[in-house]
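I opened a notebook for a structure I had not looked at before. My plan was to start from single residues and work out to the whole.

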Amino acid sequence: MATEVRTGSDPGRSPAGQPLPELNPEAVTEWRAGGGELIDLFALARQRVGGVAGLRLGPRPTVLVTAPHAVQHVLALHPDRYVKRSHRARLLIGDGVLAATGEAWRRQRRLLQAQFTGRGLRRYEERIGAAADTAAARWAGFADSGEEFDVGEEMRRFALDTIWRSLTGHALDAVTEAELASVPAVVAALPRLPEDAVVAEGAVAGDLARIDAVASRAIAAARDGEAGPDGPGLLHVLTEAAETRPEYTERLVRDELVTLMVAGHETTATTLTWLHLLLDRHPWERERALAAGPEGSPERRQAVQALVHETLRLYPPAWIMPRHAARDDVLAGYTIEAGTDIVVCPYLTHRDPGLWPEPERFDPARFRDPGARPADAGSYYPFGVGPRACLGLQFALRESVALLERLLPAPSPRFRSAPTGAVYSITVRPDGPALATLDA
C-alpha cells in the first residue's frame with residue numbers, strides 16, 4: 001500500500017541511495033495504542049513496506065530487514081558496517097563471545113571455533129549420547145508410571161545435562177541442576193528489567209550469585225586438573241588459555257562459561273519443546289520420519305534433521321538480530337545513515353510467503369525433498385549467517401537428532417495443557433507449560 005510509505009531522508013545525502021521507505025507513523029501510533037507485541041508491528045511493516053522497512057520508534061528510524069539479499073548484506077557481507085552493540089543478555093553473560101565485539105571477539109571466537117567443528121565435535125559425541133540415554137530413561141519412567149510432566153522442563157534438563165557434560169566432563173547432578181535453574185530465570189527476566197544497569201543487576205542479584213557460585217566451583221575444579229569421567233571438557237580449554245593469555249582473566253573465563261551454558265541449552269530446549277508440540281498437532285510427520293529408514297540409518301537421520309530444521313524455520317532461537325550502522329551505507333538501494341539501528345528478523349524471513357509457500361504450515365518436506373526450500377542465500381538463518389553465526393549450530397543439531405532418535409520410537413506425549421501462543425523474549429518460546437503424560 002503506497003499510502004504507508006513516507007520519506008524521511010534527504011535524497012542528496014552520501015552515499016547515493018534512495019530515501020528509506022518507512023511505515024506510516026499513524027500505523028505505529030495505532031499499534032502503540034492497541035498494546036500489541038513488537039512482532040505484530042514488524043509483521044505490519046514487512047507486509048506494507050517490504051523487506052527493508054523504516055519504523056519511527058524514536059527520533060531516528062529503526063530499519064527492519066527481512067529480505068534475503070539485505071540479510072546477506074548486513075550479516076554476511078558487511079559485518080564491519082553493521083555491528084553488534086551491547087547484548088541484551090550482557091548482565092548475565094558479561095563479555096562472553098556472544099556479547100564481545102571487535103578484536104576481543106575475534107580472539108575469543110578463534111579459541112572456541114575448533115571445539116565446534118569437525119574433529120572438535122567428535123570429542124563430545126559420547127557425552128551427547130549419554131545425556132540422550134539419560135533423558136530417554138526418564139521418558140521411559142514416565143511411560144511406566146503414567147506421571148504427568150512438563151515436556152519443556154524435560155527438554156531443558158536434557159540440554160543442560162548435555163552442555164554440562166561437554167563443559168566439565170561430569171553428568172549434571174541434582175544440586176547443580178537446582179542452582180542452574182537461575183539461568184532461565186534471569187533469561188526470562190531480562191526483557192522486563194529497568195534500563196539502569198545497577199538497578200537491573202540488583203533485581204536479579206540472587207540468581208546471578210547462584211550462577212556465579214556454580215561457575216566458580218567448576219572453574220576451580222578445572223584449574224586443579226579435575227577431569228570428569230568423560231575426561232576434560234570445554235572449560236579446560238578456557239582455563240588452559242588463561243595460563244598463557246592475559247586477556248583470559250578469571251572474569252572472562254566465567255563469562256565464557258556462562259555464555260556457553262546459556263547458548264548451549266536454552267535455545268536447544270526451546271526448539272525441542274516446540275517440536276514436540278508441533279508433532280502433537282501433526283502426528284503423521286513423526287510416523288513419516290520413523291518410516292524413512294531403519295533405526296540408525298542415514299535416511300532416518302535425514303528425516304529427523306528435517307523435523308528439526310522445519311521447527312527452527314517456524315521458531316528460530318534468536319527471532320531478531322539487532323545491529324547498529326557504524327557508518328553510512330546503501331542497503332538494497334536505500335540510504336542508511338550511520339547510527340541507525342538495524343533489526344534483522346529471521347522469524348519474518350522464515351514466514352515470508354514469497355519465499356516459503358504456505359509459510360505457517362509445518363512441513364518438514366521443505367528440508368527433506370530436493371529443491372523444496374528457497375535457493376536464496378539469506379532465506380533460512382535460524383542461527384544467523386556470516387562471521388557471527390552461532391558457533392553451536394552443528395552441536396545443537398547433533399544433540400537434537402541424538403535425542404529424537406531415541407524418543408520418537410517411544411510413546412508420544414499426550415498433552416493435557418498445551419500452550420497455544422508464543423512469548424517473544426530473548427528467544428521465542430511457548431507461552432506456558434507443556435504438561436503431558438506418556439502411554440506405555
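**Entry 1: Glu 201.** I looked up the contacts of Glu 201 and set aside neighbours within four places in sequence; Leu 91 and Leu 208 are what it touches. I note here that the model is a predicted one. Glu 201 sits in helix H11, which runs over residues 197–203. I then checked the distance to Leu 91. The two C-alpha atoms are 6.8 Å apart, although 110 residues separate them along the chain. Is Glu 201 buried, exposed or partly exposed? Its relative accessibility is 44%, so I put Glu 201 down as partly exposed.

**Entry 2: Ile 128.** Next I went to helix H7, residues 125–145, where Ile 128 has its place. Ile 128 has a relative accessible area of 3%, and buried means under 20%, so I count Ile 128 as buried. Which residues does Ile 128 touch, beyond those up to four places away in sequence? I found Phe 158, Thr 162, Phe 395, Arg 398, Glu 399 and Ala 402. I also took the distance from Ile 128 to Arg 165. They are 37 residues apart in sequence, and their C-alpha atoms lie 8.0 Å apart.

**Entry 3: His 265.** I turned to helix H14 and picked His 265 from it. His 265 counts as buried, because its relative accessibility is 1%. With neighbours within four places left out, I listed its contacts. They are Arg 156, Ala 159, Leu 160, Ile 163, Val 183 and Pro 184.

**Entry 4: Ala 436.** I moved on to a strand. Ala 436 belongs to E14, which covers residues 435–438. Its relative accessibility is 0%, so Ala 436 is buried. What does Ala 436 contact, leaving aside neighbours within four places in sequence? One set of its contacts is Glu 147, Glu 148, Phe 149 and Val 151; Pro 413, Arg 414, Phe 415 and Arg 416 complete the list.

**Entry 5: positive phi values.** I went through backbone angles next. As a reminder to myself, most residues other than glycine have a negative phi. Ala 332 is not a glycine, but its phi is positive, near 55°. I placed Ala 332 in the loop between strand E8 (329–331) and strand E9 (334–336). At 35% relative accessibility, Ala 332 is partly exposed.

Glu 358 is another non-glycine with a positive phi, about 45°. Its loop runs between helix H17 (346–349) and helix H18 (365–368). Is Glu 358 buried or exposed? Its relative accessibility is 53%, so Glu 358 counts as exposed.

I also noted a glycine. I then looked at H2 itself, residues 38–48. Its buried residues are Ile 39, Leu 41, Phe 42, Leu 44, Ala 45 and Arg 46.

**Entry 6: the nonpolar cores.** The largest core has 118 residues, and Leu 23 and Leu 92 have the most contacts inside it. Which helix gives this core its largest share? I found that H14, residues 250–281, supplies 14 residues. Another core lies apart from this one and has 17 residues, including Leu 20, Ala 70, Leu 75 and Ile 336.

**Entry 7: the whole protein.** I stepped back last. I counted 19 helices and 14 strands. The radius of gyration is 22 Å, close to the 22 Å that the globule rule gives for 440 residues, so the protein is as compact as a globular protein of that length. Along its principal axes, the C-alpha trace spans about 65 × 55 × 40 Å.

How much of the protein is buried? Buried residues make up 55% of the 440. The accessible surface is about 18900 Å², and carbon and sulfur atoms hold 52% of it. I also looked at contacts between residues at least 6 apart in sequence; 70% of them join residues at least 24 apart.

How values were computed: Residues are numbered from 1 along each chain as its sequence is written. This is a predicted model: local features need pLDDT of at least 70, side-chain atom pairs count only at pLDDT 80 or more; totals for chains, interfaces and linings use all residues. Side-chain values use heavy atoms; hydrogens and water are left out. Helices (H or I, at least four residues) and strands (E, at least two) are DSSP runs, numbered from the N terminus. The radius of gyration is taken over C-alpha atoms; the globule rule is 2.2 Å times the number of residues to the power 0.38. Buried means under 20% relative accessible area, exposed over 50%, partly exposed in between (1.4 Å probe, protein chains only). Contact means heavy atoms within 4.5 Å. Accessible areas come from the Shrake-Rupley method with a 1.4 Å probe; for residues, only the protein chains shown count as cover. A nonpolar core is a set of buried Ala, Val, Leu, Ile, Met, Phe, Trp, Tyr and Cys residues joined through side-chain atoms within 4.5 Å.
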